[in-house]
Amino acid sequence: GHRYHNTHTSLLLTGTVDWEKGVFTKETLKEIDHSLDFYAPQTLINDKGERIVIAWMQMWGRNMPTNTENHYWAGSMVLPRKLSLTDGMLIQTPVEGISNYFKDEKTFTNEVLTNETKEFEGVNGEVYALEVDVKLEDQANFEIELRSNDKEFTTLTYDQEDGKVTLNRLNSGYEIIGAEPTHLY
């Protein structure tokens with residue numbers, strides 16, 4: 001399927017260890033993140049005893065737009081996430097307080113769209129957090145264009161049939177040269 005597309009996949013292994021025999025018995029083996037830009041994750045325990053992970057949001061084997069654009073750094077870090085394990089499933093949630101950094105909040109409610117496109121006034125900029133609650137009744141897909149203008153756009157698509165969220169940055173304005181498919185899963 002869509003697993004293990006990242007050539008440097010970071011994995012979660014759960015299981016039990018027989019310390020006397022030095023044997024690990026695997027229960028689960030899963031990717032921590034399915035994207036192609038999740039590399040070298042590091043974790044820590046915060047003052048509340050929560051496990052927090054942060055990783056480099058860039059991958060080897062292709063150009064780095066931050067370098068190409070002379071920003072004088074390579075890549076970025078993902079937003080920190082709180083990790084927990086429930087019944088062998090890795091649960092990742094934004095760290096508490098991350099929303100304190102959000103400003104200029106816009107809220108739209110009860111917007112009904114049927115096979116149409118709508119631009120939401122005041123939702124623009126280079127960086128923003130977007131929370132969307134969508135009810136797909138007769139539609140199989142849902143698509144949002146991000147950073148859209150006459151020359152560039154990034155598309156976020158949800159396919160209800162296979163439950164897949166796809167981020168397509170092929171037309172985002174920064175040519176990515178190297179080992180990357182056109183979509184991220």
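**Entry 1: D104.** I began with D104, which is exposed, its relative accessible area being 65%. The model I am reading is a predicted one. I placed D104 in the loop between β6 (89-94) and β7. I then looked up its backbone: phi of D104 is near 55°, a positive value in a residue that is not glycine.

**Entry 2: R147.** I next turned to R147, which also has a positive phi, of about 50°, although R147 is not a glycine. I found R147 in the loop between β7 and β8. Is R147 buried, partly exposed or exposed? With a relative accessible area of 22%, R147 is partly exposed. I noted the cut-off here, because buried means under 20%.

**Entry 3: E152.** I located E152 in the loop between β7 (141-146) and β8 (154-159). Its relative accessible area is 18%, so E152 counts as buried. Which side chain makes a polar contact with the side chain of E152? I found that it is the side chain of R147, at 3.0 Å. Setting aside neighbours within four places in sequence, I listed the residues in contact with E152 as R147, N171, S172 and G173.

**Entry 4: The open sheet.** I traced an open sheet of four strands in the order β3-β4-β5-β6, with antiparallel pairing. Why does one side of β3 (39-45) and of β6 lack a neighbour in the sheet? I recorded that both strands stand at the edges and have a single partner strand each, so one side of each is left without a neighbour. From one strand to the next, the twist averages 35°. For background I noted that strands of a sheet pair through backbone hydrogen bonds, in either a parallel or an antiparallel manner.

**Entry 5: β4 and β5.** Strand β4 (residues 51-56) and strand β5 (residues 81-86) run antiparallel and are joined by three bridges. I saw that V53 has R81 of β5 standing opposite.

**Entry 6: The whole protein.** I counted one helix and ten strands. Read from the N terminus, the order of elements is β-β-β-β-α-β-β-β-β-β-β. I took the extent along the principal axes: the C-alpha atoms fill a box of roughly 65 × 40 × 35 Å. The protein has 185 residues, of which 22% count as buried. The protein exposes about 14,200 Å², and carbon and sulfur atoms supply 50% of that area. Lastly, I considered contacts between residues at least 6 apart in sequence; 30% of these join residues at least 24 apart.

Technical notes. Residues numbered from 1 in each chain as written. Predicted model: local features only at pLDDT ≥ 70, side-chain atom pairs only at ≥ 80, totals over all residues. Heavy atoms only, no water. Helix = DSSP H or I, 4+ residues; strand = E, 2+ residues; numbered from the N terminus. Buried < 20%, exposed > 50% of the residue type's maximum accessible area, 1.4 Å probe, protein only. Polar contact = N/O pair within 3.5 Å; in protein donor to acceptor, adjacent residues only side chain to side chain. Contact = heavy atoms within 4.5 Å. Pairing = 2+ DSSP bridges. Axes fitted to C-alpha atoms, helices over the stretch in contact; angles between N-to-C directions. Areas by Shrake-Rupley, 256 points an atom, 1.4 Å probe, with all protein chains shown as cover.
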